[in-house]
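This report describes selected strand pairings and aromatic contacts of one protein model. The sequence and structure are shown first, and the description follows.

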Amino acid sequence: MTDIKDWLPEFEVSAETDTELQEYFLLTPELDKIINSKYWLLLGRKGTGKTAIYKYLEKSIPQNVNNNIVVSLNFKDYPWPAHKLYKESIAGELSAYQKSWRFLFFVKLISRLIEIKEINSESLSKELKWAKKYIAKVFGNPDPSIMEVLFSKLARIQKLAGPGLEFDETSFNVGEVSFDDVAENKELQNTLRSNAFTLLSYFETIFKNNVGDKKFLIILDQLDENWLSGEIDEYSKVLINLINVCRNIAIDDTLKKNLKVIPFLRTDIYETLRFNDKNKLYQDSAIVIAWDNDSLDTMFLERVKKYKPNDVELDLSKKCDSLFEASFVRQGTPPFKYITRRSFFRPRDVIIYFNNIRKKHIQNKTGLYTTTELYDAAYDASISVYNEIIDEWSNQFPEIENLFSVLQLIQVETFTYSEFENKYKLEFPNSTEGDLRKHINFLFDNSIIGQKKQGRWEYQSSIPNLKMNIERPFRTHQSLKYRLQLTESRPGQNDD
């Protein structure tokens with residue numbers, strides 16, 4: 001029999017490299033909500049598939065996404081301090097950065113609108129012809145990048161001509177400026193802001209006058225990249241301003257039929273932001289990526305079906321359990337459920353676990369994975385999950401490694417609040433009761449620890465509305481057991 005290792009490959013973990021992952025989002029309700037509903041804020045924990053959805057939309061033609069023309073903006077290498085140069089000192093905290101976001105959006109929108117009209121052989125209005133010339137002169141590119149929009153000749157141009165007016169060519173015979181140049185020169189900052197916001201006013205009006213019945217969808221990904229720990233408060237204000245701009249566009253009768261802007265944000269970052277109506281906005285406008293055992297099973301089964309040779313017989317009615325010799329493992333648990341109970345219900349966790357099973361696999365008579373290989377893979381998978389959490393939180397919550405040390409000091413999976421408190425004080429000797437509560441809530445809210453519900457250990461990742469009760473025992477998530485070198489729970493407790 002053909003061995004499973006010969007036909008089921010090791011898979012890429014990152015959406016940037018795993019092009020196949022994007023195909024599976026055709027099956028998800030989140031994608032449908034993005035293109036067909038009023039919702040405009042996509043939230044998900046790291047590893048849940050935000051970038052995969054972004055990549056799918058980025059490559060989509062309008063006919064496949066409800067006739068939306070997609071404008072994708074990736075902030076992976078974005079210099080966040082650049083926004084400070086556009087910050088209006090006279091504006092309030094909740095609007096200081098809004099014009100800079102709108103400026104970026106409308107430069108990109110006008111650029112794409114011109115491109116689409118020219119592709120479709122549609123004539124350009126006098127306004128659009130003017131905008132096309134201005135974009136070429138100011139940004140040096142008909143489709144300027146984020147960096148070209150932010151740092152161009154705008155800080156040195158002394159006079160802008162309005163739409164329809166002939167502009168002075170000599171005005172543009174100036175060099176571009178760097179971030180450092182503008183950061184050190186208040187006069188350049190003032191010119192940059194004045195010119196950018198004047199152009200914003202022109203471009204927004206031109207967009208409304210010329211968009212017709214076209215629909216644009218701006219998607220923004222990796223907004224959490226490259227945050228510096230000392231700048232998080234300021235970055236948070238930038239993100240709050242972004243959210244407010246997206247909300248304003250969503251309720252603007254002159255824009256909402258033609259434009260939707262969707263930030264792709266990590267759930268944990270959204271939860272740290274502080275602004276009015278945050279909960280109402282979450283209820284009314286947020287699309288939350290949520291996976292469960294069945295949807296993850298379907299996701300991975302798509303991979304299995306793609307690679308399975310015709311001569312390999314599997315009972316696909318059992319979905320991914322068909323990849324294993326045994327139908328049930330410890331405590332009568334199906335193999336795939338054994339994996340998801342040791343995950344945070346993210347595609348990335350499941351893919352990593354299967355990759356580790358594959359590494360442990362030795363060819364056998366059945367050609368399938370064995371129970372032993374399933375168990376042995378848990379060690380390396382535990383290390384991967386630990387590293388993922390450190391990567392997820394090291395900037396925004398640097399205490400994460402110390403909190404893992406507290407759990408490791410406890411030594412066992414299951415513990416009481418008082419046991420946690422005792423070890424916590426060893427790791428955080430100067431902490432207050434408030435610090436302790438903040439940190440244990442952090443662990444609980446992020447599924448690192450959980451509690452029993454209806455006789456089973458559960459976590460926020462498996463039951464999002466799970467409530468913490470400090471009078472009841474806690475348990476460190478199964479996925480972290482081996483990396484933290486924790487021993488089994490006390491006798492009599494269910495290990496699943």
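## Sheet and aromatic contacts

In this predicted model, four strands form an open sheet in the order E6-E9-E7-E8, with antiparallel pairing. Strand E6 (414-415) and strand E8 (456-458) stand at the edges; each has a single partner strand, so one side of each is left without a neighbour in the sheet. Strand E7 (residues 449-453) runs antiparallel to E8 and is joined to E8 by three bridges. Lys 453 has Arg 456 in E8 as its bridge partner. In general, the strands of a sheet pair through backbone hydrogen bonds, either parallel or antiparallel.

The aromatic side chains are considered next. The count of aromatic pairs comes to 27. Trp 101 is buried, with a relative accessible area of 0%, and Phe 105 is buried, with a relative accessible area of 0%.

Elsewhere, ring pairs link Phe 11, Phe 300, Tyr 307, Phe 324, Phe 336, Phe 354 and Tyr 369 into a cluster.

| Charged residue | Ring | Distance from ring centre |
|---|---|---|
| Lys 38 | Tyr 39 | 5.8 Å |
| Arg 342 | Tyr 338 | 3.6 Å |

Notes: Residues numbered from 1 in each chain as written. Predicted model: local features only at pLDDT ≥ 70, side-chain atom pairs only at ≥ 80, totals over all residues. Heavy atoms only, no water. Phe/Tyr/Trp six-rings, centres within 6.5 Å; stacked < 30°, edge-to-face > 60°. Buried < 20%, exposed > 50% of the residue type's maximum accessible area, 1.4 Å probe, protein only. Lys NZ or Arg CZ within 6 Å of the ring centre and 35° of its normal. Pairing = 2+ DSSP bridges. Helix = DSSP H or I, 4+ residues; strand = E, 2+ residues; numbered from the N terminus.
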